[in-house]
Amino acid sequence: MTPSVFAWNIRCFICKTAAARDKAGRAGPQVLKALASRQGGKATLAPFPVRLWPEKFREPDAVLMKKEHLHRCQKKYWDGADLAVEVLSDSNRDSDLDTKPVEYAKPVEYARAGIPEYWIVDPEKGAITVLVLDGGKYAVHGLFQRGQVATSKALAELQVDVTSLMDAE
């Protein structure tokens, strides 16, 4: 599969917000699901609850679970994830980006839950920030802008051309 087609499909997968959907179309999560399937794992879209710890749930825009952790995938929710993806919009920008130690900040909660990788897709800035868990906190693996290819530390096959992603129709 060519990088631009792959990026287009990833964009369609991760774009949950209305603004992002308008730009990306209505195609489904086929490529990321295929990636998970090839590795024997699973991927799904919000609205689907992910339990971070007892009585604390979030609904990331997209999540992926590797094969070795499939025992954590329940019918009604998943216990954590190997990759969480959030697409920024006006309504969620603050809680998706806030890394201060406040209870409602998603990066802090995802780190506390032990989710190894967290992608933040920012259609407004045309950028993808990839965060990786390091010592209980997220460290920036990369801030990928137009003209660059976003890479995953956890999933070697996951590479997204940012320009193609942001320009997908």
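Predicted model: local features only at pLDDT ≥ 70, side-chain atom pairs only at ≥ 80, totals over all residues.

Biologist: How many residues of strand β7 are buried?

Modeller: First, the terms. Helices (H or I, at least four residues) and strands (E, at least two) are DSSP runs, numbered from the N terminus. Buried means under 20% relative accessible area, exposed over 50%, and partly exposed in between, with a 1.4 Å probe and protein chains only. Now the case. Strand β7 covers residues 117-122, and six of its six residues are buried. Glu117, Trp119 and Val121 point one way from β7, while Tyr118, Ile120 and Asp122 point the other way.

Biologist: Which strands pair with β7?

Modeller: Two strands pair if DSSP finds at least two bridges between them. Strand β6 (residues 83-87) pairs with β7 in the parallel sense, over five bridges. Strand β8 (residues 127-134) pairs with β7 in the antiparallel sense, over six bridges. β7 and β8 form a hairpin with four residues between them. In that turn, Gly126 has a positive phi of about 65°.

Biologist: What does β4 pair with?

Modeller: β4 runs antiparallel to strand β1 (residues 42-45), joined by four bridges. Three bridges join β4 to β6, also antiparallel. Follow Leu64 in β4: Ala43 stands opposite Leu64, and Leu83 is the bridge partner of Leu64 in β6.

Biologist: How many residues does the largest nonpolar core have?

Modeller: In soluble globular proteins, nonpolar side chains tend to be buried together. A nonpolar core is a set of buried Ala, Val, Leu, Ile, Met, Phe, Trp, Tyr and Cys residues joined through side-chain atoms within 4.5 Å. Here the largest has 18 residues. Those with the most contacts inside it include Leu83, Trp119 and Val121. β4 (62-65), β6, β7, β8 and α6 (162-167) each give two or more residues to this core. A second, separate core has 17 residues, among them Met65 and Tyr110.

Biologist: Is Glu109 buried or exposed?

Modeller: Glu109 lies in helix α5 (residues 106-112). Glu109 is buried, because its relative accessible area is 2%. The side chain of Glu109 makes a polar contact with the side chain of Arg58, at 2.5 Å. A polar contact is a pair of N or O atoms within 3.5 Å; within protein, one must be able to donate a hydrogen and the other to accept it, and residues adjacent in sequence count only if both atoms are side-chain atoms.

How values were computed
Residues numbered from 1 in each chain as written. Heavy atoms only, no water.
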